[in-house]
Amino acid sequence: QIIRQYGIRFDETLTNLEDVAWNVAYLAYIEDLCIIPTKLYFYRITPNSITSQCVDRHWQVRSWVQTRNSVLRRALEHGADTEDVSVLRQFIRRCQNNIFAECVSGNLGYGNYTALCMETDWATMDVLKSQFPAEYVCMRYIPWVYFLGYSSVIRLRRWLQNLRKRS
């Protein structure tokens, strides 16, 4: 019923993470959520699956940027109330964290990050900047601070893990 009423569809322009964008769209319209411990399906990883082929970090970063843009476009088209803004703010931050994680894991430097993020839909972001001022400033004007902070934390965690392993 929610899917038809609010016209929730998979974004066919996304080649990866389309389920993430769909889930965020759906979650914006539900009031309650129940998580059950029962496994209802088994996720199998096969050698030729798209999941197994995700070694191209540029492609992964681009996918997260496109997914973030897709969700923000939908929010703009359908309007976002105060509760939606809170959910969207968390989603934007999770996307940014995944973008940074892919960059750091793939040893992609800041230059690669900025080149890949040029695909950001700034027209949409400019419209939404009043609702997401902190996220907007971090992505638009000071991404190098954000990137440096995130990559430093990840590298410190790796160093500490390696130190513990040697002890």
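Leu40 sits in the loop between helix 2 and helix 3, where helices (H or I, at least four residues) and strands (E, at least two) are DSSP runs numbered from the N terminus. The model is a predicted one, so local features need pLDDT of at least 70 and side-chain atom pairs count only at pLDDT 80 or more, while totals for chains, interfaces and linings use all residues. Residues are numbered from 1 along each chain as its sequence is written, and side-chain values use heavy atoms, with hydrogens and water left out.

Back to Leu40: with a relative accessible area of 69%, this residue is exposed (buried is under 20%, exposed over 50%, partly exposed in between; 1.4 Å probe, protein chains only).

On to the rings. Those of Phe, Tyr and Trp (its six-membered ring) pair if their centres lie within 6.5 Å, and planes under 30 degrees apart count as stacked, over 60 as edge-to-face and the rest as tilted. That rule gives three aromatic pairs. One of them, Tyr6 with Tyr29, is stacked at 3.8 Å centre to centre, with 15 degrees between the planes. Tyr6 lies in the loop between helix 1 (2–5) and helix 2 (18–27) and Tyr29 in the loop between helix 2 and helix 3 (57–78), so this pair ties together parts 23 residues apart in sequence. Both count as partly exposed, Tyr6 at 31% relative accessibility and Tyr29 at 23%.

Phe10 and Trp22 are stacked too, because their ring centres are 5.6 Å apart and their planes at 15 degrees. Phe10 is in the loop between helix 1 and helix 2 and Trp22 in helix 2, so parts 12 residues apart in sequence get tied together. Phe10 is partly exposed at 45%, whereas Trp22 is buried at 17%. Phe10, Trp22 and Tyr26 make up one aromatic cluster.

Asp11 also lies in the loop between helix 1 and helix 2, and at 19% relative accessibility counts as buried.
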